[in-house]
Amino acid sequence: MVEIFDELGYKKQTCKTCGQEFYSQVDRDTCGDAPCDEYEFIANPATDKPYNLYEIQKVFREFLESEGHTHVHRYPVLAKRWRDDVFLVGASIFCFQPWITSGLVKPPANPIEMAQPSIRLNDVDNVGRTGRHMTCFTMGTHTVINKEDDFIYWEDRTIELCHKFFEHIGINTEEITFIKSWWSGGGNEGPCYEVCCRGVELATLVFIQYETLENGDKKEIPIKVVDTGYGLERIAWISQGTPTAYDACFAPVVDKLKELTGVEINEDIQGRNAQIAGMMDIEDIGDLKELRQQVADSLNLSLEDYLKAAEPMEAIYIIADHTRCLAFMIADGIIPSNVKEGYLARLVLRRTIRFMKDLNMKESLADVMAIQLDFLSKFYPEIRDSEEHIMNIITLEEERYAATVKKGKSI
Ligand SMILES: [Zn+2]
């Protein structure tokens with residue numbers, strides 16, 4: 001039974017739109033998540049001061065350290081180094097599966113605070129186009145590995161920490177909702193809360209306590225894991241109220257690319273786009289077409305005129321996003337190739353080159369990567385250590401790609 005909601009003044013309510021149960025300090029009709037609520041932070045920041053991505057990482061770390069957590073440095077994005085079921089780290093919990101979550105290996109600390117770069121390529125087509133999707137995002141987490149004889153904390157303390165963190169960064173907690181839900185994945189399940197503010201989900205608090213059996217039943221597991229994920233890019237975004245999360249998180253890279261290409265970002269178009277995209281579940285190209293039509297209509301533009309204006313801006317965002325993802329991939333040991341994780345790196349790399357071509361950029365991919373590394377390595381010194389390696393791989397791959405394209409053309 002969760003008692004903390006009562007203590008913090010949150011009341012149980014039901015969303016009149018989607019029917020989900022949620023907790024809020026004030027009476028409200030809707031649950032706070034899109035599409036029940038619209039994005040209400042663009043040009044209207046939700047915190048009392050703006051944070052860039054690295055500032056929010058620092059504040060997150062310091063807050064949790066002051067609350068008894070130990071900081072753990074990020075893991076490599078190449079999950080294959082310690083597990084054989086996935087290639088890439090898609091969430092912070094991937095770092096602790098299966099060895100630590102099963103109890104075979106002791107956790108590096110407990111409870112843990114970490115900011116883990118996580119890569120998800122399943123909706124790569126949305127990147128740059130929805131204002132919020134990224135190939136690589138930073139999952140802030142406070143993770144707890146609870147054993148029967150060493151039980152650290154569970155739902156009440158987790159919810160309390162989440163509430164206090166958002167309060168700490170100046171979010172009015174009356175704008176926060178905790179939506180009750182159920183999480184399952186990788187053979188485990190348990191209750192969870194999606195934490196939303198102004199139409200956007202900022203964190204998910206998962207309490208892994210069951211094993212999912214083959215017949216669908218569930219069995220209590222001895223090691224119970226608190227697995228929280230804070231979308232640090234999104235938190236930086238709502239703190240700045242920029243038109244897109246890309247502007248909030250890699251502004252220096254976006255600015256340099258704008259300078260090189262002469263592309264201007266139209267904030268009205270991008271803000272409107274992100275707002276409408278926020279209301280939609282964009283799963284395929286059809287949904288993306290629908291989004292573009294809706295944005296064009298809302299701006300009173302023909303689809304053609306809208307695309308002509310939006311596509312160069314989107315290409316800038318895509319290049320900024322993809323080079324960051326590639327930098328982590330290559331620094332952490334992935335070599336582009338035609339198989340497995342190498343194929344994923346090649347896909348991201350070739351997409352980057354294609355969007356650079358769309359913008360008629362004369363610079364090489366290595367030139368653009370240098371901009372990204374300059375930005376990224378300030379916060380990840382290990383990336384600076386891999387700079388030469390990354391540049392060598394990038395240059396070789398770009399030559400290979402040019403040769404392949406040339407060969408294709410002559411055929
Ligand atoms: Zn709802």
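This is a predicted model: local features need pLDDT of at least 70, side-chain atom pairs count only at pLDDT 80 or more; totals for chains, interfaces and linings use all residues.
Helices and strands here are DSSP runs numbered from the N terminus, and with that naming alanine 43 falls in the loop between β2 and α2.

Another cis peptide bond sits between asparagine 110 and proline 111, where omega is about -5 degrees. To find proline 111, look in the loop between β3 (70-71) and β4.

Aromatic rings come next. A search of the whole structure turns up 28 aromatic pairs. One of them brings together phenylalanine 41 and tryptophan 237: the ring centres are 4.9 Å apart and the planes stand at 85 degrees, which makes the pair edge-to-face because planes over 60 degrees apart are counted that way. Phenylalanine 41 belongs to the loop between β2 (21-24) and α2, while tryptophan 237 is in helix α4, so the pair ties together parts that are 196 residues apart in sequence.

Now step back to the whole chain. It is divided into domain 1, residues 4-238, and domain 2, residues 250-399. The C-alpha centres of the two domains lie 26 Å apart. Where they touch, 38 residues from domain 1 meet 38 residues from domain 2.

How much area is buried between domain 1 and domain 2? The figure is about 3300 Å², and carbon and sulfur atoms give 61% of it. On the domain 1 side, Tyr54, Arg74 and Arg129 supply 22% of the area buried against domain 2, more than any other three residues.

Side chains of opposite charge can pair when their charged atoms come close. The count of salt bridges in the structure comes to 25, and 6 salt bridges are found across the interface of domain 1 and domain 2. Aspartate 125 and arginine 351 form a salt bridge, with their closest N and O atoms 3.4 Å apart. This pair links distant parts of the chain: aspartate 125 is in the loop between β4 and β5, arginine 351 is in helix α10 (residues 340-358), and 226 residues separate them.

Polar contacts can be counted across the interface as well, and there are 17 residue pairs of this kind between domain 1 and domain 2. On the side of domain 1 that touches domain 2, at least two residues each come from α2 (53-66), β4 (112-119), β5 (136-146) and α4 (232-240). Sorted by class, that side has 21 nonpolar, 8 polar and 9 charged residues.

Methods
Residues are numbered from 1 along each chain as its sequence is written. Side-chain values use heavy atoms; hydrogens and water are left out. Domain bounds come from an automatic or database domain assignment. Contact means heavy atoms within 4.5 Å. Buried area is the accessible area (1.4 Å probe) that two parts lose on being put together, summed over both. A salt bridge is a side-chain nitrogen of Lys or Arg within 4 Å of a carboxyl oxygen of Asp or Glu. A polar contact is a pair of N or O atoms within 3.5 Å; within protein, one must be able to donate a hydrogen and the other to accept it, and residues adjacent in sequence count only if both atoms are side-chain atoms. Helices (H or I, at least four residues) and strands (E, at least two) are DSSP runs, numbered from the N terminus. Ala, Val, Leu, Ile, Met, Phe, Trp, Tyr, Cys and Pro count as nonpolar, Asp, Glu, Lys and Arg as charged, and the others, Gly among them, as polar. Rings of Phe, Tyr and Trp (its six-membered ring) pair if their centres lie within 6.5 Å; planes under 30 degrees apart count as stacked, over 60 as edge-to-face and the rest as tilted.
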